[in-house]
Amino acid sequence: MLAVVREVQVPLLAVLLIGGCAAKAGHPRWGRHESGPTVICPLRLRRPAAIALCATELALGVGLLITAGRVGAGAPASAVRAATALLFGTGAAALHELRSRRPDAGCGCFGELSRTPVSWRAITRAALLCVAALSAIGIPPLRMPDSAGQAWLTLAVATAELGVLAALSPEIGQAMLRLGHTDPCELRDVPVGRTLSALRASASWRDYQQVLVATTPDDIWREGCWRFVVFPGVLASRPVDVVFAVHLADRGAPVRVGMLDTDADFAPSHEAQSPDTPIEDPLQLSNHV
Amino acid sequence: MAWWQLQSHSGQVRRNPGISAISHNQRETGGSARFARRALLRATIFEPRDHEVLAQPPAIAASVATGVVAEVGEDAIAVVSEQGTESFGVSSATETWLGARASPSALRPGDPVIVRHRATDAAPGRKHAQRIWARVGRVTGTIVAADGLEFLVDTRRADRPQQRVVVTPASSRQIQVRFPRLAPGYLIDVIGTRHGDHLLAVAPATAQPPYHAGHSPRPPLVGGPVSEPISGSAVWHEPGDEPNGLLGLAYPAIDPADGAPPADGDTGCVRLPYLSFGAAVLIRNECTERAAVLPVTGDAAMAREFCDRCVKCGTSPKGRVADLTMAAFVGLGGNLEDGCFNATLATMAS
C-alpha cells in the first residue's frame, strides 16, 4: 500500500507541474497579473521571474515523466524528484511570505484561476506536494499494475489524493464559476465575420438582397448587443441605404432592417444666429429647475 | 413577415439630441458626417430615446466657448475662436483659474481659455462668463522616465504619445502625498498649466493606484445583461489633435473590431458594453444633475487603468466610465480643476 502511494506521486506531480505552467502561459496578461510570489519581485524582474518559474515547472514535469520508467532510473530520477520537492518547499515558504506582505494577492499557481488571496489551504497544498515529491525518491521504476486488484488500488489512491488536493484548491471553485458563466452579449468580443455570416444566413437578408446593389458593406458599427451593417441599395429607382441590425447573441438571433433615402439630410441643432438671438445649447442639456 | 419602411428623418432629427451634439461637432470639425449618418440609420430601426433627455427643457441656456484671449478689459474679455471673436462680460462673480484661483485681470492676450458662460437676465443678448480656465492642461499616463521633479509620461494617445510633466516645488508636497511613487512603471494623473512643450503640474487629479500600470484589478464576472445606467467617475482630457470645441467623450470599451489599440486582455475595472466610434451615450453629471447625449469620439485607454472613485458629491463606484472632451466636461457643469465628477452613463442601444 505504501509503495502504491509513493508510486502515484510521480505522475500526479508531473500533471500538476505541466498543468500549472500551461494555465499561466495561456493568458494574454501572463507575467503581468498581480498574483503569485513574483509580485514581491521588483517590477522589471516580474515577467522574467514568471517565465523562469513556468519554465522550471515544465522542465520538472517533463523530467518526472521521462525518469518515471527505466530510462533515467537511479540518480537522474532522484535528482528530478528532489528538485521538485525543493520547488514546492520553496513555494510554500514564498506563499507564506506573500500572504504577510501582499494579503490581497493570489498564489498564481494556475494563472487566472488562482486569484483568490493566499490562505492556509494553498500553503498546505504546497507543503504536501513537497512531501509527496520527497516520498517518491528511491522508488523503483514505475511499471503497469500486475493485476486488476493492484490497478484498482492505484486508481483509488490517486483518486483519494486528488480529492485531498481539490479540497485544498480554491481554483476548483473558480473553474466551476467560469464554466457556468457566459458574458452577456454586450461584453463579448464578437468578430465581424461572425456577424456577417449570421446576417447572410438570416431570412431578412434573403428578403432584402434584391434591393442591394453591392454585397460589400459601406459601414459597420456596434452598439452593445447590436451590430449595424449598411449596404447601398436602390428602391423604386431611388438610392437608399439599407441597414441591418444583427443581435450578437447566440445562433438564431434576430435581424432587423431599416432603410433611409441617401438624400435624407438633417439640420444642425442651431443655425447661424443673429447677435440678438439667444444661443441654443448644442448639448441639449437637461437642467433641473 | 419582414418589415421595412422608407424613412426620411429630416424633421425628426432636429429633436434628436445625439444628432444635435454630433452635428455641432460636424460644424466644428468638417467631418463626423459618417457618425451623424449612423444616428439616422439607427433611428430607422430603434426608437430614439429623446424623451429621457428632454424630460425638462433647459431653464437657462448655458454654453461653453473655447479660444484664445484677444483682449482683456475691466468688465469684459474678447476671445477669438473658430466662430470668430466673442465678447464675454466679467465681474467679481466670475471665477478664473490660471493654475490657481485668480482674477480675470490676470489673463493675458494669447492665453488659451475655455469659458463657461450664460446670458444674464439683465442683458439677454450679452454673454457673461461664469468661469474661465486659462492654460489648463492635464496629463494622465504611465511614467516612463523620471529626473527629480521632471517626468516623461506615456499617455497612450496616438496624437500625444509622450508628454513632459514638471512638478513645481510649491506643488510637489501636495502631489507626492497623493502620488507617493513617482517612478517609471507607475501611473500619474495631474492637472496644471500648459507652457510650451510641457505641463507645469499644480495639483493631483486623483490618488495614485497601488498597482503598476497594466496591473489594474479585474472586474467581477457579470451575469445577465449589464445593468444601466452605469455609475462611476467621469474625467476629462486635453484636445490634442481633436478640435478645441469638440463635444464628445473617449470611451473605455471600444469594440475590438473597430481597430482600437489592443487592450492586452484588459477591459478595465468597470464592465462597459462595447461600442463603436460615433455611438451615442447618455452621460449625466450626478453633482449638477445635468445630462447630455454625446458621441464616442475616442478610445479611453488610460481610463481603463484607473479604478479610482470620484468624491465631488458623495462617493462614486470605482472606475472611470467616460473621458470627456474639455468642452463637454465644462458644459455638463464640471470644473476642470476638480478633475472629475460623479457620473452615470447609459448607452442608447436598445
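The structure is a predicted model, in which local features need pLDDT of at least 70, side-chain atom pairs count only at pLDDT 80 or more, and totals for chains, interfaces and linings use all residues. Residues are numbered from 1 along each chain as its sequence is written, while chains are lettered from A and ligands numbered from 1 in the order in which they are written.

Chain A comes first. Its secondary structure comes to eight helices and four strands, where helices (H or I, at least four residues) and strands (E, at least two) are DSSP runs, numbered from the N terminus. Along the sequence the pattern is α-α-α-α-α-α-α-α-β-β-β-β. Of the 289 residues in chain A, 36% are buried. A residue is buried if 20 or more other C-beta atoms lie within 10 Å of its own, exposed if 12 or fewer, and partly exposed in between, with C-beta atoms placed from the backbone. Two residues are in contact if their C-beta atoms, placed from the backbone, lie within 7 Å. Among contacts in chain A between residues at least 6 apart in sequence, 56% join residues at least 24 apart.

Chain A is divided into domain 1 (2–179) and domain 2 (187–261), with bounds that come from an automatic or database domain assignment. The centres of these two domains of chain A, taken over C-alpha atoms, are separated by 50 Å.

One residue of chain A can be followed in more detail. Arg102(A) sits in the loop between helix 3 (75–101) and helix 4 (120–135) of chain A. Arg102(A) counts as partly exposed because it has 17 C-beta neighbours inside 10 Å. Leaving aside residues up to four places away in sequence, Arg102(A) touches Val39(A) and Ile40(A). Pro37(A) is 65 residues from Arg102(A) in sequence, and the two lie 9.4 Å apart in space, C-alpha to C-alpha.

The predictor's confidence in each residue is the pLDDT, from 0 to 100. Chain A has a mean pLDDT of 82, and 87% of its residues reach 70 or more. Confidence in chain A is lowest in helix 6 (residues 171–179), at a mean of 77, and highest in strand 2 (residues 226–235), at 95. Over residues 266–282 of chain A the pLDDT stays under 50, and the model has 37 contacts beyond four places in sequence for this stretch. Residues 284–289 of chain A also have a pLDDT below 50, with 28 contacts in the model beyond near neighbours in sequence.

Chain B has five helices and 19 strands. Buried residues make up 51% of its 350 residues. Among contacts in chain B between residues at least 6 apart in sequence, 68% join residues at least 24 apart. The chain is divided into domain 1 (62–134), domain 2 (136–204) and domain 3 (230–347).

How do the strands of chain B come together? Strands of a sheet pair through backbone hydrogen bonds, either parallel or antiparallel. Here two strands pair if DSSP finds at least two bridges between them. Five strands of chain B form a closed barrel that runs 9-10-11-13-12, with mixed pairing. Neighbouring strands of this sheet are turned by 55 degrees against each other on average, direction ignored. Strand 9 (residues 136–147) and strand 10 (residues 150–154) of chain B pair in the antiparallel sense over five bridges, and Ile143(B) stands opposite Val153(B) in strand 10 of chain B.

Helix 4 (residues 169–178) of chain B lies across strand 11 (162–167), strand 12 (187–195) and strand 13 (198–204) of chain B, at about 65 degrees to strand 13. Axes are lines fitted to C-alpha atoms, for helices over the stretch in contact, and angles run from 0 to 180 degrees between N-to-C directions.

A barrel of six strands in chain B closes in the order 14-18-15-17-16-19, again with mixed pairing. The twist averages 45 degrees from one strand to the next.

The C-alpha centres of domain 2 and domain 3 of chain B lie 21 Å apart. Between them, 13 residues of domain 2 are in contact with twelve residues of domain 3. On the side of domain 2 of chain B that touches domain 3, the largest share, five residues, comes from strand 9 of chain B.
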